[in-house]
Amino acid sequence: MDLGWARRPNHLWWPVYICQTKMFRKEDLHYLQNEHKSAMEVAVKSKSVLVYYLGQYTFASRTKGDVKQWACPEHNTFSGHETITDAEMLLQFTTAMTEAKVYVDTGILPFLAPSDVNQALKPPAWPQDIAPGTITWLKHATKSWTPAYVLDPTHLSAKRGVASSHVKDQLRLAKKNPHKYYLVYKFGECNIMLWKRENAKMLLWGGPEHSKLLLGIPRRESNTFLATAMQRLESFLAAKQNQKKLAVNNAYTVKVSWLRLPSSQIDPNQIQDNDDDDVSTEDEAENDTMASSEAPPAMIIYSKKTHLATVMGTSKRPAISPQPKTSLPPPVPPLFRNGVAWAHVRGQLWWPVYICNPHLWSPQPDSPTLTYDVYSFGYHTMRSRAFTLAQLRPWKCPEAPRLRETIFTALDQSKVSDQETLGNALVEADNYYVEYEQIQSYSNLDINIKRINRNNKRGVF
């Protein structure tokens, strides 16, 4: 097994994948680009060990004395996290332990393709035939993966007297050979690039890697680049994906606000409800003002590779005499945020649980005893139990520090296994809560996508 432990500069032993330098890919990796090259050069030159830190997705060269096999005699000691006081590092460590278990069970490594580990294998193919109007993840040469948007080249023109010959040539190529080139807008840099389809390194938004890419992969300096790109993407979605709202290079003019679906992809049920069959999506270049009540025509957000015809927007327009809008009260946040809570069973200690019934995350204050399906962290058991609200507390409630102290005090004289189970339960609950929150920091755009898509799904295409 190539799983092991490596001692970090702070003397903490960390779960790692031990890379075989003779077999490991020398060129750019499929997901992590050139993240490994400097460490690999040192490892080869000094005849040391190249390791891949799980949970952090970085490489390092370590001496042989700083690396141990996974099943070494110190395994149980290294698995403890009592000495980790930094919350971010604790989250990364618990994630690394989970990923190590996944590797033991399945042989799958996070962000390392089989062709990275063994350069004799063929790298995975990138998604092909990504439709215009698709939001994607774009592999960046020097920074983390970043959100991007595939443009229809016919929606752009080059400004006379401003656009360089290079810009004009790119746009001409994209229009002449749409099946050979992608024209891609990068939210991180606000520029447009021409990419040969065969060389395009993009992943579909919302794919299996989505949640981790949101954290910034590869992990490098403070990732303000990704945060800025995500803010621009949120603004684009808030503008209902109006292409004219993109901050494009001054050399381009965006002629079309919204992408229209081909007639073969329009839902007949939606067409018959449409009060305006002559919706034009191409605006005059001099006048791109859109009425605030006007909604964009439907547009594709995912490509054929997902086997989903997810459509954003709607081709409906309001009635000629719009009714006054009624202001709705702001949504009430759930009592049990993220589903994580403290639960108390009579005769037992308070314990961290996950409530598996999202519709019960916001019970009414006068709710009677309700039956909850709860997953107990640490014990990894699922059970249906009846609780009153007095027997449940939000995970981040004001009493949380006191509950933790009370449990630790009660278990102080208990057997070691009970203390370890409690420690694991608290870490697992914190891990789930914090990781969920990190993903939620960008969830406004995902919520917007899902809200729009719910009533506008198409068939498989």
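Please keep in mind that the model is predicted. The protein chain contains eleven helices and 19 strands, and 47% of its 461 residues count as buried.

**The chain as a whole**

- Helix H1 spans residues 37-46, and Ala39, Met40 and Ala43 are buried in it.
- These residues lie on the same side of H1 because they cover an arc of only 100° around the axis.
- Strand E3 (49-53) and strand E4 (58-62) are what the buried residues of H1 pack against.
- Ser38, Glu41 and Lys45 are exposed, on the face of H1 turned away from its buried side.
- Lys47 follows H1 and has a positive phi, near 55°.

**The largest pocket**
- The largest pocket holds about 1,200 Å³ of space.
- It is lined by 38 residues, of which Thr94, Met97, Thr98, Asn424 and Glu428 are the closest to its centre.
- Helix H2 (75-79), helix H3 (87-106), helix H9 (400-410) and helix H10 (416-440) are the elements that each give two or more residues to this lining.
- H10 gives the most, with eleven residues.
- Sorted by class, the lining has 15 nonpolar, 14 polar and nine charged residues.

Key
Residues numbered from 1 in each chain as written. Predicted model: local features only at pLDDT ≥ 70, side-chain atom pairs only at ≥ 80, totals over all residues. Heavy atoms only, no water. Buried < 20%, exposed > 50% of the residue type's maximum accessible area, 1.4 Å probe, protein only. Helix = DSSP H or I, 4+ residues; strand = E, 2+ residues; numbered from the N terminus. Arc of directions from axis to C-beta. Contact = heavy atoms within 4.5 Å. 1 Å grid on protein atoms, 1.4 Å probe; cavity = no way out; pocket = protein on both sides within 12 Å on 5 of 7 lines; lining within 4 Å. Points joined across faces, edges and corners; volume = space filled by probe spheres on them. Nonpolar A, V, L, I, M, F, W, Y, C, P; charged D, E, K, R; others polar.
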